[in-house]
Every structure is written in C-alpha cells, then in structure tokens.
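Here is a guided tour of one protein chain for someone new to reading structures. Keep the picture beside you and look up each residue as it comes along.

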Amino acid sequence: MLTNVIRKIPGAVRLYRSMRPRRREASTPPPSFRSILQPLGEPFTSQLESMYEGHPQVGSDGETHKMDASTLISPQQGMWIFDLCRKVRPTSSLEIGMAYGYSTLFFLAALKANGLGHHTAVDPYQDYWKGIGQALIPKLRMSDTCHVSNELGVQAMIRLGMEHRTFEVIFIDGSHRFDDILVDFTLAAQICAPGGHIVIDDMWMPSIKKAVSFIRSNRSDFTEIKTPIQNIAVFQLAGSDKREWDHFIEFA
Ligand SMILES: C[S@@+](CC[C@H](N)C(=O)[O-])C[C@H]1O[C@@H](n2cnc3c(N)ncnc32)[C@H](O)[C@@H]1O
C-alpha cells in the first residue's frame, strides 16, 4: 500500500530505496593463519601456524612451555620479509632480537626456497624466552643455514663489522629504546651490503618513530622503501655516507 503511493511521487522510489535498511553483508571471516602462511612451505607453515595459534612450544631444556602472546611479528609482516628475501636472494641476512623466532622462521623459509644464503639471529636474553627460538633451528634441520648468537645487538654488529661481514637484509627488532635503535641502525648501516635493506620493526612506538625521523632527515645515503605494512620502516642503502663531521638536520 505504502509502496503504491511512493511509486506515484516522482523521484520517491529512488529515495525510498536508498532509505530502506540494507540487508547486512555476510561478514567475511578473516583469512586463516594457514592460508596466509601457505607460501612458506613446510615445515615453516605448520610450525608458525602452531605458534600463532598459541600452542605451547619446546624450549632448549626439552620441556614444553607456554608462549607469551605479546612477542611476535604479524603473519602479514612476516610474509613481507619472506617476499623481500625471495626477491633479494640474500647470501647473508641478520636479525637483532629473535625471541621465540617468528621472524627467524620467515627468513629461513625464504633462504630454503632460494636454495642459498645464511642467516644470523642475535638475542642475548634467550633464557627468558625458554630457548624456544633457539630450539627451533635443529628441530627444523636448519642448523647449517642459521647461527644463533647470544650477544647484544651492538656487540654482534661490531664483531661482524670487524670480521668484514656484510648483509643484504637486516631486521632490527631488539631493544626498542630510542637511543638503542639509533645505535642499532648506525651499526647496521656499516655492515649493510650495497643495495641492501634495513627493516625496522614497531613503528607504532614513539621511540621508533623518532629514530626513523632522524634517519629520514639525515641519512641521505639510504632511500626509504614504502610498504603496505604500517608497522615497519624500510631503508635501502643507495650510496656512501658523505656527511661532513658536523652534519645535522633537525628532525620532527
Ligand atoms: C619484540 S622481541 C623480538 C620478536 C622477534 N623478532 C619475533 O619475530 O618473534 C624483542 C627481542 O629483542 C631482544 N633484545 C632486547 N634487547 C636486545 C639487545 N640489546 N640486543 C639484541 N636483542 C635484544 C629481547 O630479548 C627480545 O627477544
């Protein structure tokens, strides 16, 4: 009855239709961990799926331990690192801050798929994490591909520099204090291979944002690479550091 009246008024049908409550779109379930992680291949997909689902994991003492769900990188962020390593095909990659080894597994999956490369994972506080990250390496038969160091990030990067080592991909996810991030980046820059990438995690933190502002304003030897992942900042070494001894550009 009402609709018959509406039909007679010019323009009213369109208006009526636009005002009708719409049927709610069926909500699309978020993609499963498995579907996101599938491209990694086994054993990495299953291992990471188990970790993201929060299943207890075996530590370096051989015992099973509960996981602290606050220490990880997102599957999307990990896949971005995996894709970068598939593209760059690093002969050497490095990460500062291993914890349970989520990021380590994305690196190792890429190196295995590439059929080349060696990874170094640094974390001095592995006991705190029950040695779960460390225990993954022999479990996944990756001991020839991955070295785990219990040095501080700064100690490891100074030593690696003195050994004339360089890395095509470096992931910084260790101490998150402003000054530590700046020191980590400065040391990482010295052992970054020409054209290499430095990925900085946790852009949601004010300390990281501030350090990244300094890099953007002052390190013109690096080009920033834009990514769809908001939680990381990525810099590619584009030239040599030609700053004068007193160079300084104010940063926001
Ligand atoms: C956010 S967690 C790393 C998460 C890890 N990348 C992952 O994907 O699971 C930060 C880690 O940095 C380590 N860490 C803290 N200070 C450090 C330092 N000075 N050098 C190296 N690692 C450090 C901590 O032990 C912790 O495991």
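**The chain at a glance**

Of the 252 residues in this chain, 37% count as buried, where buried means that 20 or more other C-beta atoms lie within 10 Å of a residue's own, exposed means 12 or fewer, partly exposed means in between, and C-beta atoms are placed from the backbone. This is a predicted model, in which local features need pLDDT of at least 70 and side-chain atom pairs count only at pLDDT 80 or more, while totals for chains, interfaces and linings use all residues. Residues are numbered from 1 along each chain as its sequence is written.

The chain has 10 helices and 9 strands; these are DSSP runs numbered from the N terminus, with helices (H or I) of at least four residues and strands (E) of at least two. Among contacts between residues at least 6 apart in sequence, 70% join residues at least 24 apart, a contact being two residues whose C-beta atoms, placed from the backbone, lie within 7 Å.

**The sheet**

- Strands of a sheet pair through backbone hydrogen bonds, either parallel or antiparallel.
- In this chain, 7 strands form an open sheet with mixed pairing, in the order E5-E4-E3-E6-E7-E9-E8; two strands pair if DSSP finds at least two bridges between them.
- The edge strands are E5 and E8 (222–225), each of which pairs on one side only.
- On average, neighbouring strands of this sheet are turned by 20° against each other, direction ignored; the axes are lines fitted to C-alpha atoms, for helices over the stretch in contact, and angles run from 0 to 180 degrees between N-to-C directions.
- For an antiparallel pair, look at E7 and E9 (residues 232–237), which are joined by 5 bridges. Here Ile 200 stands opposite Ala 233 in E9.

**Strand E4 and its two partners**

- Why is strand E4 (residues 118–122) described as largely enclosed by the rest of the structure? The reason is that 4 of its 5 residues are buried.
- E4 runs parallel to E3 (residues 92–96), and 5 bridges join the two. Within this pair, Leu 94 has Thr 120 in E4 as its bridge partner.
- To get from E3 to E4, the chain passes through helix H6 (residues 102–114), making a right-handed β-α-β crossover. Right-handed means that, with the strands pointing away from the viewer, the path from the first strand over the helix to the second runs clockwise.
- E4 also pairs with E5 (residues 146–149) in the parallel sense, over 4 bridges.

**Around the ligand**

- How many residues surround the ligand? There are 21, and the closest are Gly 97, Ala 99, Ser 103, Gly 153 and Gly 174; a residue is near a molecule or strand if its C-beta atom, placed from the backbone, lies within 6 Å of it.
- By class, this shell has 12 nonpolar, 7 polar and 2 charged residues. Ala, Val, Leu, Ile, Met, Phe, Trp, Tyr, Cys and Pro count as nonpolar, Asp, Glu, Lys and Arg as charged, and the others, Gly among them, as polar.

**Backbone details to look up**

- Ala 99 is found in the loop between E3 and H6. Its phi is near 50°, a positive value in a residue other than glycine. Is Ala 99 buried or exposed? Ala 99 has 22 C-beta neighbours inside 10 Å, so it counts as buried.
- Asp 202 lies in the loop between E7 (192–201) and helix H10 (206–218). Asp 202 has a positive phi of about 70° although it is not a glycine, and its 18 C-beta neighbours inside 10 Å make it partly exposed.
- The peptide bond from Glu 42 to Pro 43 is cis, with omega near 10°. Pro 43 sits in the loop between helix H3 (33–37) and helix H4 (44–52).

**Two residues and their surroundings**

- Pro 228 is found in the loop between E8 and E9, and with 6 other C-beta atoms within 10 Å it is exposed. Pro 228 and Gln 76 are 152 residues apart in sequence and 9.6 Å apart in space, C-alpha to C-alpha.
- Ala 113, in helix H6, is partly exposed, with 17 other C-beta atoms within 10 Å. Leaving aside neighbours within four places in sequence, Ala 113 is in contact with Gly 41 and Arg 86.
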